[in-house]
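I opened the notebook to look up a few things in a structure. The entries follow in the order in which I made them.

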Amino acid sequence: MFDDFLVRAAFAGIGLTLATGPLGSFVVWRRMAFFGDATAHAAILGVALSFAFGASVYLGTLGVALAMALTVARLSGRGHAVDTTLGVLAHSALAFGLVAASFQSGLRVDLSAWLFGDILAVSRTDLIVVWGGALAVLALLAWRWQGLLTSTINDELAMASGINPQREQLFLTVALALTVAVSIKIVGALLIAALLIIPAAAARQIARGPEAMAVSATGVGICAVLLGLWASLTFDTPAGPSIVSAGTVLFVASLLLRRRA
Amino acid sequence: MSTLISTQGLSVRHGGNTVLSNVQFSIARGEIVTVVGPNGSGKSTLIRALIGLETAATGKVSRASGLSVGYVPQKLHIDASLPLSVRRFLSLPKRVSDAQADEALERTGVPGLGPRPLARLSGGQFQRVLLARALLVNPDILILDEPTQGLDQPGTAAFYKLIEEVRSQTGAAVLMVSHDLHVVMSASDRVICLNGHVCCEGTPKVVAEAPEYRALFGIGTGGAFALYQHHHDHGHDDGSASQTCGHEGHTHV
């Protein structure tokens with residue numbers, strides 16, 4: 001059944017949304033959208049370095065994304081102007097990544113695959129990596145759920161209950177880096193943040209509780225993947241951007257469905 | 001009396017600024033302590049330090065082991081992107097049963113609010129929900145940061161009475177912070193005036209009988225307020241930050 005590239009693509013996308021639904025909800029609740037961008041852009045640098053050193057792209061991306069996420073988390077915790085810091089880091093990581101990539105002749109050719117993803121070229125190994133990573137993120141979030149939610153609402157409230165908000169932030173940071181690493185082949189570095197935020201934003205319109213929103217976000221994400229793949233095939237459009245576009249269409253539809261919750 | 005939380009010579013710095021210097025503080029089981037001080041006097045920093053969110057530059061904070069803290073924050077901004085009902089909020093971070101949640105809401109005078117989104121509550125309802133959540137951990141100590149901000153006077157009076165009831169029912173200590181130098185809870189066992197350091201401590205006197213008081217707050221407050229007048233004309237001649245000011249410079253009405 002996984003012989004068909006389209007089936008592999010669909011399963012890869014669905015696997016990824018298992019992680020991006022709940023994680024994206026946290027990104028939206030904690031206003032970490034730009035944080036997600038910075039981490040994702042760093043992934044391009046990770047790809048370039050992996051090629052340079054002949055390492056696994058997944059591992060290289062994970063390493064650099066994690067380093068970036070930890071740096072940003074540290075800096076923002078110290079009261080630097082978060083927007084500016086993130087802006088500098090996000091775009092310079094992307095720029096340095098593109099410059100580094102230009103030195104690799106092989107990478108130059110299929111750079112757009114790393115920027116926008118190439119879900120139709122997903123192999124069986126990729127599928128295992130994506131599902132493994134996504135399930136790990138899901139398990140991490142489920143394990144920390146109550147603490148994460150409490151510290152999302154208020155640091156003092158969490159601390160008074162014996163929850164260390166910095167530690168919870170660290171779990172989220174690791175989850176984000178892991179998600180970026182496994183999703184780079186599917187939607188690419190430029191569109192990962194979109195896949196985190198758009199389904200969660202759509203889910204907000206219909207959900208009445210945090211758990212319902214996380215599950216709905218995954219639901220919307222799955223619909224976006226399937227709709228996007230269908231559109232890509234029908235209209236011969238690039239798959240990654242088509243998935244994100246489909247997500248946006250679903251978001252607009254959710255505005256019409258909006259419950260006044 | 002067993003001490004629940006105490007500080008010894010606590011100083012806290014934010015960057016180059018000394019926010020708190022040489023603070024001696026302690027609160028015992030069943031005690032109601034009110035900390036008053038102007039804006040920027042370090043009240044919230046003291047609370048954060050007691051909870052464990054501030055690093056002491058010097059001195060230390062000691063908490064009784066296994067201390068259960070019920071914390072009511074000054075303000076709680078629930079991001080519009082987070083759908084959260086009162087019922088779900090009460091189950092953070094420890095899940096509670098529906099019966100426990102209902103009982104806590106009943107006790108704080110807001111029964112049946114469970115299904116309502118947190119973002120749709122009035123100021124008074126919100127404070128009571130925050131208190132209900134704090135009570136659900138069976139606290140040894142309730143810490144309330146400016147709990148009556150945004151409440152009108154009858155609302156404040158009702159809230160203070162509720163706190164007093166909670167204390168007498170559960171025996172929990174209560175630590176309350178207020179920026180209002182003149183109106184503190186009459187049930188306070190001690191009032192601590194903070195201005196970067198402990199300026200003075202004293203017992204408030206109830207003035208519910210005074211006609212000026214009645215004129216000011218009406219009789220509907222049921223004696224929940226007391227006046228605690230300050231004349232900040234006293235000096236700190238010896239320059240010691242921890243100086244207890246004595247009572248020469250104060251009029252406790």
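**Entry 1: what I am looking at.** I noted at the start that this is a predicted model. I looked up chain B and found 6 helices and 11 strands. Of its 253 residues, 43% are buried. I then took contacts in chain B between residues at least 6 apart in sequence, and 71% of them join residues at least 24 apart.

**Entry 2: helix α9 of chain A.** I looked up α9(A), which runs over residues 165-183. From its first C-alpha to its last it reaches 27 Å, close to the 27 Å expected for its 19 residues.

**Entry 3: α9(A) against α7(A).** I looked up how α9(A) packs with α7(A), residues 124-153. The axes are 9 Å apart and the angle is about 160°. Angles over 145 degrees count as roughly antiparallel, and therefore α7(A) and α9(A) are described that way. Their crossing is left-handed. On the α7(A) side, the residues that meet α9(A) include Val130(A), Leu141(A) and Arg144(A). On the α9(A) side, Glu168(A), Phe171(A) and Leu178(A) are among them. I looked up the make-up of this contact and got 15 nonpolar, 4 polar and 2 charged residues.

**Entry 4: α11(A) against α12(A).** I turned to α11(A), residues 210-235, and α12(A), residues 239-257. Their axes come within 7 Å and cross at roughly 125°. The two helices are therefore oblique to each other. This crossing is right-handed. The residues making the contact include Val220(A), Gly228(A) and Ser232(A) from α11(A), and Ala239(A), Ile243(A) and Leu250(A) from α12(A).

**Entry 5: the loop between α11 and α12.** I looked up Asp236(A), which is found in the loop between α11 and α12 of chain A. Its phi is near 55°, a positive value in a residue other than glycine. I noted that most residues other than glycine have a negative phi. Asp236(A) has 8 C-beta neighbours inside 10 Å and counts as exposed.

**Entry 6: another positive phi.** Arg31(A) has a positive phi of about 50° although it is not a glycine. I placed Arg31(A) in the loop between α1 (5-29) and α2 (33-53) of chain A. Arg31(A) is exposed, with 11 other C-beta atoms within 10 Å.

Entry 7: Pro93(B) lies in the loop between α2 (86-90) and α3 (98-107) of chain B.

**Entry 8: where the chains meet.** I looked up the contact between the chains: 20 residues of chain B are in contact with 23 residues of chain A. On the chain B side, α1 (43-51) and β5 (69-72) each supply at least two residues. That side divides into 14 nonpolar, 3 polar and 3 charged residues.

**Entry 9: Asp155(A).** Is Asp155(A) buried or exposed? Asp155(A) is buried, with 20 other C-beta atoms within 10 Å. I found it in helix α8 (residues 155-160) of chain A. Leaving out residues up to four places away in sequence, Asp155(A) touches Pro165(A) and Leu53(B). The C-alpha atoms of Asp155(A) and Gln166(A) are separated by 8.8 Å, with the residues 11 apart along the chain.

How values were computed: Residues numbered from 1 in each chain as written. Chains lettered and ligands numbered in written order. Predicted model: local features only at pLDDT ≥ 70, side-chain atom pairs only at ≥ 80, totals over all residues. Axes fitted to C-alpha atoms, helices over the stretch in contact; angles between N-to-C directions. Helix = DSSP H or I, 4+ residues; strand = E, 2+ residues; numbered from the N terminus. Parallel < 35°, antiparallel > 145°, perpendicular 65-115°, else oblique. Left-handed = near helix turned anticlockwise from the far one by under 90°. Contact = placed C-beta atoms within 7 Å. Buried ≥ 20, exposed ≤ 12 C-beta atoms within 10 Å, placed from the backbone. Expected span 1.5 Å × (residues − 1). Nonpolar A, V, L, I, M, F, W, Y, C, P; charged D, E, K, R; others polar.
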